[in-house]
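The entries are kept in the order I took them.

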Amino acid sequence: MAEPVVRIPDAKVALSTASVYPESTATAFEIAARLGYDGVEVMVWTDPVSQDIEALRRLSDYHQVPILAVHAPCLLITQRVWSTDPWTKLQRAQAAAEKLGASTVVVHPPFRWQRQYARDFVTGLWRMADETDVRFAVENMYPWRYRDREMLAYAPEWDVTKDDYRHFTIDLSHTATARTGALEMIDRMGDRLAHIHLADGNGSAKDEHLVPGRGSQPCAELLERLALSGFDGHVVIEVNTRRAMSSAEREADLAEALAFTRLHLASALNAASQQ
């Protein structure tokens, strides 16, 4: 009797360069190549290399690791990276993605104090998306909490499914922090779900970004759903390894995350093929 064939889904598994912090963007390419990731997502932030298209191209070519996505500089610590104007940041992220061959720009919804940007954000993104093949995948966020207080920091909404976007990114650490159902959220996103930030969390007020399988989020179930639905976007490992005691421990965490992801993407297809 022939052994069942394990089918590998089309979704590529990438490493976010943020996952190696406090090590460098260049280190992320080295680790992605060594561990066998399909590519990287570049988090554009304070590391000068992450802001330099030619430097990124050289790293990609040298390590033979494609750049699959660019994360626009939307964080509090990147307010002055690539301009202080948020639309300029997105234009530069789009240009970087086009020049580097990345299919996706990940973007956060605006902060509430960015009033004009927030007012025009939905229509402005549609306008930009009409001018390029690059997908602007808007990422779900979460309310900020301190003790018994909650602050709504993002506009129009932290739950991006309440607004009309062409493409979405779902981040499972963010669903944990928001204390919202990840599987229900991907149902609401439907076929507009284009990009995954895979991480875990336990519902803490802190955005934990644990290695998948170490928290309470349905990481395995989500991957299995993606495999069975024919999802062909990217699954990006975006975890926090700051507490790693050594480079070897950090790399072991990232190897575990990759193995977890590939196992659950492949096992769902294998189970389906035997039914």
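My notes on one helix pair and several salt bridges follow.

**Entry 1: the helix pair**

I was working with a predicted model. I looked up helix α2, residues 53–63, against helix α3, residues 86–100. Their axes lie 10 Å apart and the packing angle is about 30°. I noted the crossing as right-handed. Then I asked which residues of α2 meet α3. From α2 I listed I53, L56 and R57. Facing them in α3 are A96, K99 and L100. By class, I counted 4 nonpolar residues and 2 charged ones in this contact, with no polar residue.

**Entry 2: salt bridges**

How many salt bridges does the structure hold? I found 11. Side chains of opposite charge can pair when their charged atoms come close. I took some of the pairs one by one.

**Entry 3: R250 and E23**

R250 forms a salt bridge with E23, and the closest N and O atoms are 2.7 Å apart. I placed R250 in helix α8, residues 247–273. E23 sits in the loop between β1 (12–16) and α1 (25–35). The two partners are 227 residues apart, so I wrote the pair down as a link between distant parts of the chain. Is R250 buried or exposed? R250 is buried, because its relative accessible area of 5% is under 20%. E23 comes out at 23% relative accessibility and counts as partly exposed.

**Entry 4: D38 and R262**

Next I looked up D38, which forms a salt bridge with R262. The closest N and O atoms are 3.1 Å apart. D38 is in the loop between α1 and β2 (39–43), while R262 is in helix α8, so this bridge ties together parts 224 residues apart in sequence. I logged D38 as partly exposed at 28% relative accessibility. R262 also counts as partly exposed, at 32%.

**Entry 5: R166 and D130**

The side chains of R166 and D130 meet in a salt bridge, at 2.6 Å from N to O. Where do the partners lie? I found R166 in the loop between β7 (149–151) and β8 (167–171). D130 lies in the loop between α4 (115–129) and β5 (135–139). The pair therefore ties together parts that are 36 residues apart in sequence. R166 has 30% relative accessibility and counts as partly exposed. D130 counts as exposed, because its 55% is over 50%.

**Entry 6: a network**

Last, I checked for shared partners. Salt bridges of this kind join R214, D253 and E256 into one network.

How values were computed: Residues are numbered from 1 along each chain as its sequence is written. This is a predicted model: local features need pLDDT of at least 70, side-chain atom pairs count only at pLDDT 80 or more; totals for chains, interfaces and linings use all residues. Side-chain values use heavy atoms; hydrogens and water are left out. Axes are lines fitted to C-alpha atoms, for helices over the stretch in contact, and angles run from 0 to 180 degrees between N-to-C directions. Helices (H or I, at least four residues) and strands (E, at least two) are DSSP runs, numbered from the N terminus. A crossing is left-handed if the near helix is turned anticlockwise from the far one by less than a right angle, and right-handed if clockwise. Contact means heavy atoms within 4.5 Å. Ala, Val, Leu, Ile, Met, Phe, Trp, Tyr, Cys and Pro count as nonpolar, Asp, Glu, Lys and Arg as charged, and the others, Gly among them, as polar. A salt bridge is a side-chain nitrogen of Lys or Arg within 4 Å of a carboxyl oxygen of Asp or Glu. Buried means under 20% relative accessible area, exposed over 50%, partly exposed in between (1.4 Å probe, protein chains only).
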